[in-house]
Amino acid sequence: MRTLVRLSHLILSVAVLSSEAIISDATAVAAPPSVATAKPENGNPAIQLLGYLKDSIVRTIDGTKEMWSNHGRCKEIRGKQKDYRDQIKKQWEFEGKDLTPQEMKKKLQSMNGGITYDEFVFLSKGKEDRGRLMNLIFLMWGAPKVFPYALMFYPDILPTPFQPLPDASGRETKLEKLSRQRSHIVIQTLLRLEKEAKEVPGLSKLNIFGKKRQLRKMDEIHGMGTAIGTVMNTPGATNGIGANQTLGALEDFLYKKEPLVRQEKRLVGVPKAIILGLANAVNGPAPLTGVQPNFLRRGAVLTHIQKIADSDNFLVSENIDLGTLSTARLLEACSDRMIGGPQRSDEELRQGLSDWLNLAVIQPSNRTAVSGEHFNENLARTALLSYYSMDGARDARSSSFLPRLMFQGQSATGKTDETTSNRRLRLWKG
């Protein structure tokens with residue numbers, strides 16, 4: 001009985017999401033355009049509700065079938081990976097590799113060969129959808145009354161086959177919306193970073209024994225802000241050149257002779273403003289993100305970084321030709337890494353992705369293989385995500401025009417000569 005109640009919660013919740021999308025543009029999501037336009041805007045509410053329920057039930061059934069079909073394809077892809085690993089294992093045994101069974105097993109598990117990049121992306125998305133499904137089941141079982149509201153405010157917690165269809169009737173495309181939101185997040189993050197460097201938090205004032213530690217932390221954040229300003233003011237420091245300069249400024253933190261401790265891998269030393277900004281940029285602005293504990297936001301950022309790291313390692317280890325990636329795959333890969341934005345050509349996106357792989361994987365691997373240093377790849381990808389977010393916000397093609405003008409307004413309008421400036425100053429002084 002409780003299972004039926006929870007299932008009804010799922011159907012009603014999907015109905016709520018569907019009704020929001022339908023009411024916003026007076027068009028039924030599941031119906032063809034010709035039928036949707038033929039319906040009057042002010043129909044019978046009871047009939048509309050029945051239509052929403054019907055569409056939601058059909059969507060739930062179709063989504064379940066798609067989830068099962070995706071599971072079967074993921075199983076086939078994992079079978080290809082298993083065959084590839086078995087071949088590598090037999091080759092190592094024949095060559096007499098000096099590896100223990102545990103070392104060989106661990107090394108084989110890190111290999112993702114034998115499949116294409118499209119299959120790797122499909123496998124990764126299948127893993128994410130299974131995780132979302134388990135979270136939904138737990139939420140339905142533990143908090144069924146909260147479940148509909150969770151879907152209303154966080155529709156992305158649904159597995160991909162159950163998510164609402166994108167609304168194409170808005171004033172901006174999905175890529176333009178991402179560009180605008182991330183540009184706003186960049187400005188907010190810079191303001192929070194400056195506030196952390198200048199103002200002592202209220203709770204820290206109560207700790208009379210941690211004053212020096214707080215001051216040192218504020219000095220470090222101030223130095224980070226100065227480094228950001230240096231990169232932004234450097235002529236020509238855009239795209240891969242600026243990304244290389246950003247990692248160069250953090251070289252002492254990225255490469256260590258001694259093994260990295262857990263706090264360094266978990267980004268404990270990264271300012272809260274940057275973690276909050278990346279969490280909003282990755283998952284989109286959410287009402288509760290600002291009040292979440294910092295360790296939860298940091299965990300979400302690390303999960304995204306691990307997803308990118310797996311994709312980076314696959315592209316490099318399997319020597320994938322970026323020229324063979326379709327436009328859709330290229331946009332998706334670059335969006336995950338905050339690279340590019342609206343009106344970017346495929347060549348620009350491929351160059352940006354190539355620069356990312358070179359800075360995040362190829363160069364560090366070559367250096368650590370020779371020097372024996374330990375590379376903090378999580379911190380490096382955090383810095384690259386932050387830089388490319390800022391670089392996209394100040395680009396002339398950014399969807400958010402106000403931050404763009406703040407970054408480039410003076411250079412776009414040209415400099416006034418000294419005589420005109422002095423005349424304006426005299427007029428202003430009266």
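Biologist: Which residue, with a positive phi, follows α15?
Modeller: This is a predicted model, with residues numbered from 1 along each chain as its sequence is written. Helices (H or I, at least four residues) and strands (E, at least two) are DSSP runs numbered from the N terminus. After α15, a phi near 65° is found at M338.

Biologist: Which residues of α15 are buried?
Modeller: Buried means under 20% relative accessible area, exposed over 50%, and partly exposed in between (1.4 Å probe, protein chains only). By this criterion the buried residues of α15 are R329, L330, A333, C334, S335 and D336.

Biologist: Against which helices do the buried residues of α15 pack?
Modeller: Packing rests here on contact, that is, heavy atoms within 4.5 Å. The partners of the buried α15 residues are α5 (117-142), α7 (174-198), α14 (294-317), α16 and α17.

Biologist: How many residues has the largest nonpolar core?
Modeller: A nonpolar core is a set of buried Ala, Val, Leu, Ile, Met, Phe, Trp, Tyr and Cys residues joined through side-chain atoms within 4.5 Å. Y117, L353, W356, L384 and Y388 have the most contacts inside the largest one. Helix α17 gives the most to this core, with nine residues. The size of the largest core is 56 residues.

Biologist: How many residues form the second, separate core?
Modeller: Besides the largest core of 56 residues, there is a second, separate one that includes M67, M140, L151 and L158. The number of residues in this second core is seven.

Biologist: Which residues does Y388 touch, not counting those up to four places away in sequence?
Modeller: Y388 is among the residues with the most contacts inside the largest core. Beyond those up to four places away in sequence, Y388 touches N239, G240, A243, R337, M338, I339, G352, D355 and W356.

Biologist: How far apart are N and O in the salt bridge of D86 and K82?
Modeller: A salt bridge is a side-chain nitrogen of Lys or Arg within 4 Å of a carboxyl oxygen of Asp or Glu, and the whole structure holds 18 of them. D86 and K82 both lie in helix α3 (residues 45-95), four residues apart, about one turn of the helix. D86 is partly exposed at 30% relative accessibility, whereas K82 is exposed at 52%. Between D86 and K82, the N to O distance is 3.3 Å.

Biologist: How many residues apart in sequence are the parts that R344 and D395 tie together?
Modeller: The side chains of R344 and D395 form a salt bridge at 3.6 Å, N to O. R344 lies in the loop between α15 (327-336) and α16 (346-371), and D395 in the loop between α17 (377-393) and α18 (401-413), so the parts joined are 51 residues apart.

Biologist: Is R381 buried or exposed?
Modeller: R381 forms a salt bridge with E377, the closest N and O atoms being 3.3 Å apart. Both residues lie in helix α17, four residues apart. E377 is partly exposed at 36% relative accessibility. R381, at 1% relative accessibility, is buried.

Biologist: In which strand does F375 lie?
Modeller: Rings of Phe, Tyr and Trp (its six-membered ring) pair if their centres lie within 6.5 Å; planes under 30 degrees apart count as stacked, over 60 as edge-to-face and the rest as tilted. The search finds seven aromatic pairs; Y255 and F375 form a tilted one, 5.0 Å centre to centre with 40° between the planes. Y255 lies in strand β1 (residues 255-256), and F375 in strand β2 (residues 374-375).

Biologist: Which residue lies over the face of Y255?
Modeller: A charge sits over a ring if NZ of Lys or CZ of Arg is within 6 Å of the ring centre and within 35 degrees of the ring normal. In this way R73 lies over F122, at 4.2 Å from the ring centre. Over the face of Y255, at 3.8 Å from the ring centre, lies R367.

Biologist: Over residues 409-430, how many contacts beyond near neighbours in sequence does the model have?
Modeller: The chain averages a pLDDT of 78, and 80% of the residues score at least 70. Over residues 1-41 the pLDDT is below 50, and this stretch has 47 contacts beyond near neighbours in sequence. Residues 409-430 also have a pLDDT below 50, and their number of such contacts is four.

Key. Side-chain values use heavy atoms; hydrogens and water are left out. pLDDT is the predictor's confidence in each residue, from 0 to 100.
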